[in-house]
Amino acid sequence: MSHVFQRYMRKPYPVAVRGDGPYIVDSSGKRYLDAASGAGVSSLGYSDTGVADAIAKQAHELAYVYNAYFTTEASERLADALVEMTPKGLDWVFFGSGGSESMDGALKMALQFHLDNGQNARRRFIARRQSYHGCAMGGLAVSGNVVRRMLFEDVLMPADFVSPCYAYRDQQAGETDAAYVARLAQELEATIQRVGPHTVAAFIAEPVVGATNGAVPALPGYFKAVKAVLDRYGILFIADEILTGAGRTGTYLSIEQDCVTPDIVTLAKGLGAGYQPISAIVVSGRVFDTIADKRGYFIHGHTYNASATPCAAALAVITAIRERHLLERVQTMGQRLRAALAERFANHPHVGDIRGRGLLLGLELVRDRETKATFDPQLMLWGSVQREAMDRGLICYPMGGTADGMNGDHILLAPPFIIDDAQVGEIVDKLAAGLDAALATLSPEARR
Ligand SMILES: Cc1ncc(COP(=O)(O)O)c(C=O)c1O
């Protein structure tokens with residue numbers, strides 16, 4: 001009998017015992033190709049000896065010191081590497097242990113920045129609907145994800161939400177990309193005006209929306225237009241790169257491809273690539289200098305900030321990305337996986353859209369491709385896809401609520417950067433079989 005308080009209490013869990021490249025092996029010997037890298041985490045796969053050795057070395061030398069008293073070589077070198085890997089202007093790094101923790105830290109950093117800058121009224125945040133920024137109270141308060149908010153709505157900090165850039169559903173017929181982007185920028189500006197420009201601290205967005213609606217990148221020009229609005233009103237831009245960062249989309253930060261530099265960036269998942277829990281808030285010189293000059297300390301901290309062993313692991317992950325040219329590999333394998341998905345699913349009657357960036361790809365499932373009608377959410381098609389794929393030895397990351405928070409289904413794919421061509425074929429074959437098996441469980445009426 002298990003005493004582990006699992007997230008889902010009514011389902012049996014296979015016992016994972018070993019990793020082998022992009023595969024997980026369970027206690028019965030069954031192999032699962034992990035096309036989701038866990039939850040977009042294990043970018044180097046599950047058996048990287050370079051990272052494991054770096055962890056062992058650090059743990060033998062010095063596993064942990066309290067960050068209020070000491071710095072370490074591991075955290076210093078990792079911060080240097082992150083400053084080198086991220087766009088010019090992002091010069092400081094605050095380390096933590098997980099994505100949600102870094103989002104709450106980023107929100108508080110934005111609030112303290114404005115206080116230390118003499119703008120005491122800036123206490124509000126604007127984010128986007130259909131977004132996810134963490135399950136701690138701060139990140140959840142700025143998350144548009146309907147289901148994850150639902151039980152806690154009444155106790156969350158108030159925030160304002162604008163539309164995401166979701167061309168498949170929200171771009172109007174005949175509307176050009178430029179007109180759609182301009183409409184979204186106007187909506188943001190109108191929201192700022194409505195709540196009071198002098199009261200807004202920051203705007204938060206995922207460069208590619210991840211689990212909430214399945215790898216949706218913004219249209220070209222969207223983030224430039226957004227940043228121009230924010231700059232006009234002195235509002236900070238926090239890019240949540242917890243999923244999209246650390247190379248997942250083919251550049252170290254995904255927002256580089258949108259040609260803007262945020263004021264604050266959060267990283268987690270791929271930073272430690274599953275070998276250690278670690279996150280980072282990467283911060284512009286302006287934000288850091290303001291806090292440093294005024295107060296000289298950030299009123300925020302956790303016991304495990306900048307812990308030595310996670311920092312050593314993340315440094316080994318970045319070293320692998322650089323030395324093994326993995327950003328280029330993400331670009332190449334991303335194109336190949338996307339092409340293979342297009343070949344297999346472009347004419348599938350229930351795949352409405354194939355999208356994404358690098359090795360963060362999504363398929364949106366629809367009942368009817370013409371009308372983009374969704375399946376009945378009660379059917380939980382996304383859950384059946386996950387089970388059917390897993391039965392066949394494929395892990396993918398399907399989710400519901402794609403279209404509006406309640407309706408819609410999608411499948412997110414985020415395989416390790418190390419996948420090869422044969423594994424691309426295996427992903428597509430098993431996904432097609434799993435999807436068709438899941439659809440076959442529905443009645444003909446449910447599919448019409
Ligand atoms: C974009 C984004 N932000 C924040 C989080 C929260 O990170 P964590 O689960 O590490 O707390 C996630 C996790 O899925 C995420 O995808």
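Trainee: Let's start at the end of the chain: are glutamate 445 and arginine 448 buried or exposed?

Mentor: Happy to start there, and keep in mind that this is a predicted model. Glutamate 445 and arginine 448 form a salt bridge, with the closest N and O atoms 3.7 Å apart. A residue counts as exposed when its relative accessible area is over 50%. Both residues of this pair are exposed.

Trainee: How many salt bridges does a search of the whole structure find?

Mentor: The pair of glutamate 445 and arginine 448 is a salt bridge, and so is the pair of glutamate 187 and arginine 129. For the whole structure, the search gives 24.

Trainee: How many residues apart in sequence are the parts that glutamate 187 and arginine 129 tie together?

Mentor: The side chains of these two meet with an N to O distance of 3.7 Å. Glutamate 187 belongs to helix H8 (residues 177–195), while arginine 129 sits in the loop between strand S5 (124–128) and helix H5 (137–141), so the parts they tie together are separated in sequence by 58 residues.

Trainee: And are glutamate 187 and arginine 129 buried, exposed or partly exposed?

Mentor: Buried means under 20% relative accessible area and exposed means over 50%. Glutamate 187 has 24% relative accessibility, and arginine 129 has a relative accessible area of 37%. That makes glutamate 187 partly exposed, and arginine 129 is likewise partly exposed.

Trainee: Which elements hold arginine 169 and glutamate 364?

Mentor: These two residues form a salt bridge, and their closest N and O atoms are 2.7 Å apart. The parts tied together are 195 residues apart in sequence, because arginine 169 lies in helix H7 (residues 167–170) and glutamate 364 in strand S14 (residues 360–365).

Trainee: Which residues do salt bridges that share partners join into one network?

Mentor: Start from the salt bridge between arginine 169 and glutamate 364. Through shared partners, the network consists of Arg169, Asp353, Arg355 and Glu364.

Trainee: Let's turn to the backbone. What phi does alanine 273 have?

Mentor: Alanine 273 is in the loop between helix H10 (269–272) and strand S12 (279–284). Alanine 273 is buried, with a relative accessible area of 1%. Although alanine 273 is not a glycine, its phi is positive, at about 50°.

Trainee: Which residues does glycine 274 touch, leaving out those up to four places away in sequence?

Mentor: Glycine 274 is also in the loop between H10 and S12. Its C-alpha is 19 Å from that of histidine 133, and the two are 141 residues apart in sequence. The residues that glycine 274 touches are Val41, Ser42 and Lys269.

Trainee: Where is alanine 306 found?

Mentor: Alanine 306 has a positive phi near 55° and is a residue other than glycine. Its place is the loop between helix H11 (285–294) and helix H12 (308–323).

Trainee: What covers the buried residues of H11?

Mentor: The buried residues in H11 are Gly285, Val287, Thr290 and Ile291. Just after H11, glycine 296 takes a positive phi of about 80°. The cover of the buried residues includes strand S4 (90–96), helix H4 (99–116), strand S10 (236–240), strand S11 (264–267) and S12.

Trainee: Which residues does arginine 357 touch, not counting residues up to four places away in sequence?

Mentor: Arginine 357 is in strand S13 (residues 351–357) and is buried, with a relative accessible area of 11%. The residues touched are Val208, Pro217, Ala218, Arg248, Thr249, Ser254, Gln257, Asp258 and Arg338.

Trainee: Finally, what radius of gyration does the protein chain have?

Mentor: The protein chain has 16 helices and 17 strands, and its C-alpha trace spans about 65 × 55 × 45 Å along the principal axes. Of its 448 residues, 55% count as buried. A compact globule with 448 residues would be near 22 Å, which agrees with the value for this chain, 22 Å.

Technical notes: Residues are numbered from 1 along each chain as its sequence is written. This is a predicted model: local features need pLDDT of at least 70, side-chain atom pairs count only at pLDDT 80 or more; totals for chains, interfaces and linings use all residues. Side-chain values use heavy atoms; hydrogens and water are left out. Helices (H or I, at least four residues) and strands (E, at least two) are DSSP runs, numbered from the N terminus. The radius of gyration is taken over C-alpha atoms; the globule rule is 2.2 Å times the number of residues to the power 0.38. Buried means under 20% relative accessible area, exposed over 50%, partly exposed in between (1.4 Å probe, protein chains only). A salt bridge is a side-chain nitrogen of Lys or Arg within 4 Å of a carboxyl oxygen of Asp or Glu. Contact means heavy atoms within 4.5 Å.
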